[in-house]
Amino acid sequence: MANSFFGLHIGTSGLYAANTWLNITANNISNEQTEGYSRQTATQQASRPLRVYQRYGQLGSGVEVNNITRIRDEYYDVKYWLNQCKQGDSSTRSYYLTQIEDYFADDGTSGFTTEFGGFYDSLEELSKTPADLSARSSMLNYAQNFLEYMTTIRTNLQNTQADINAEISSNVDQINALAKEIAIINKQINVIELQGANANTLRDKRALLLDELSSIVEIDTNEISYANGKSEFYVTICGKSLVNNYDCFSLEVVAREDKADSDDLVGLYDIKWSYGEDFNPATSGTIGTLAALIKLRDGNNYIPEPNNPNSVPIEFKGIPYYINEVEKFLEQLTTTLNDIHKDGVNLYDEKVEDIPLFIHREEDDRYIVNPDILNDPAKMATSTVGTNSISATDIIDKLVESKEYRNFDGGTSKEALNTIITELSIDSKKAQDNERNYTNFRNLIQNQRLSIMGVDKDEEAMNLVKYQEAYDLSAKVIQIMSEVYDKLINETGI
């Protein structure tokens, strides 16, 4: 049965419960701006009643707080992680494709098509005075400028490939660091929850790490909970285990011994698991920042390089694709012009079938104007009759007409150039649109998450007033009980 001071016990339990609620509210308010924080709440229940062997049966013994939990819906977490990898994928594509697009950009005074147009304009000017050495020299300089511009584009593309390669290594390091931290937190969570408490702050921290990881690579998570409070948490990427509860597997980058494309830089990274198995999200159908980086670096539009066993088909127009398009264009252009030029005679009345207008320099894999002709423009052929008619221009005329030859996959040389620019513009615009859409989706899902897990200042302010009043009332109960006991003990005589 209840002792004489049972009322104090009941009042004290209410005081403790109200104080707990006030502390939870204070913690919520202080963490309002904390990234990833889930607002916390408590569950309370009436304490076990006492049997007092009276007609009314049992007497309530107060209240007890039995659990502090975080308010969070894992459904929105999964939605957020899926959108994160899509947003990371599209933003990476958008950034680098916009950068590549700038390499091909043309403002009307300089650029891809302007340099090409300047070369053909100089050919038309040369047709007016074919024997003029200064006109020849001018045309050859325009041709050299165009080839150097194309070489600059290729160099810029390869520099971008190097930047992407370094970023791939950085992303792998980040994945390893996040996986290691998640595994550590898994153990810390179990240490706390096996004692019957909820590791709310640690679970928030783990979810924040998963937010970051999901933008790099597509993830799947699975948590198994047991009746004793123990839990096991797993993270997989590309169908392979990354975090196995307390353990994690690491990735590493390994420099390639053989090029996947002949135009690739030396030493591009492949990714492998620490136990030796290959890891390539770009070919496994997953998305994310890492997959986008690999596709941008290695993408060949699903057309592997012929006679190269190391070339893997990747369905994306990445740097190898655009380098190959530039190379293919230059090869076709210089071959066409050389075939026309070889039938001519120069100002020395020499046939030029062994003096090509353009050559491919093997040591640095560049197309250049033949140095012999560049140093002595008289060696260039402008006609098939030489000095017998210095005003003859049949070779020059054919060179000018070659602009309209439809020998670039059924199109003209200018159309081939425009096709490259158009393809790049379409891909870049699509990536920008996707980035904008997935960013909007991310904000929408985040707002949905925050509507559940976020701290509402107005709500917490009302809670402060409510729990303060509960505290005051419990204190009032104790005060009154104290007065009753004082009267009973000190003022009631025998």
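Helix 7 (residues 319-341) gives the largest share of the lining of the second largest pocket, 6 residues. Helices here are DSSP runs of H or I with at least four residues, strands are runs of E with at least two, and both are numbered from the N terminus. The model is a predicted one: local features need pLDDT of at least 70, side-chain atom pairs count only at pLDDT 80 or more, and totals for chains, interfaces and linings use all residues. Residues are numbered from 1 along each chain as its sequence is written, and side-chain values use heavy atoms, with hydrogens and water left out.

Stay with this second largest pocket. A pocket is an open set of points on a 1 Å grid over the protein atoms alone, with protein on both sides within 12 Å along at least five of seven lines; lining residues have an atom within 4 Å of a point. The second largest pocket holds about 390 Å³ of space. Grid points are joined across faces, edges and corners, and a volume is the space filled by probe spheres set on the points. Its lining has 17 residues, and D263, E305, N324, E327 and K328 lie nearest the centre. By class, 5 are nonpolar, 4 polar and 8 charged. Nonpolar means Ala, Val, Leu, Ile, Met, Phe, Trp, Tyr, Cys and Pro; charged means Asp, Glu, Lys and Arg; the others, Gly among them, are polar.

E327 also has a charged partner. E327 forms a salt bridge with R154, and their closest N and O atoms are 2.7 Å apart. E327 sits in helix 7 and R154 in helix 4 (residues 133-193), so the pair ties together parts that are 173 residues apart in sequence. A salt bridge needs a side-chain nitrogen of Lys or Arg within 4 Å of a carboxyl oxygen of Asp or Glu. By this rule the count is 31 salt bridges. Side chains of opposite charge can pair when their charged atoms come close.

Both partners also line a cavity. A cavity is a set of points where a 1.4 Å probe fits but cannot get out. The structure holds 3 cavities of 30 Å³ or more. The largest cavity has a volume of about 60 Å³. R154 and E327 are among its lining residues, and so are M150, V326 and Y367. Helix 4, helix 7 and strand 12 each supply at least two residues of this lining. The classes are 4 nonpolar, 1 polar and 4 charged.

D365 is another residue that lines the largest cavity. D365 lies in the turn of a hairpin, with a positive phi of about 55°; strand 11 and strand 12 form this hairpin, with 4 residues between them. Strand 11 (residues 358-361) and strand 12 (residues 366-369) pair in the antiparallel sense over 4 bridges. Two strands count as paired if DSSP finds at least two bridges between them. F358 stands opposite V369 in strand 12.

Now follow the strands in turn. Strand 6 joins strand 7 through 4 bridges. Y234 has N244 as its bridge partner in strand 7. Strand 7 (residues 240-244) meets strand 8 over 2 bridges. V243 is partnered by C248, and N244 by D247. This hairpin also has 2 residues between its strands, with N245 in the turn at a positive phi of about 60°.

Of its 26 lining residues, R256, D270, N280, N310 and V312 are the closest to the centre. Strand 10 gives the largest share, 4 residues. The lining divides into 10 nonpolar, 5 polar and 11 charged residues.
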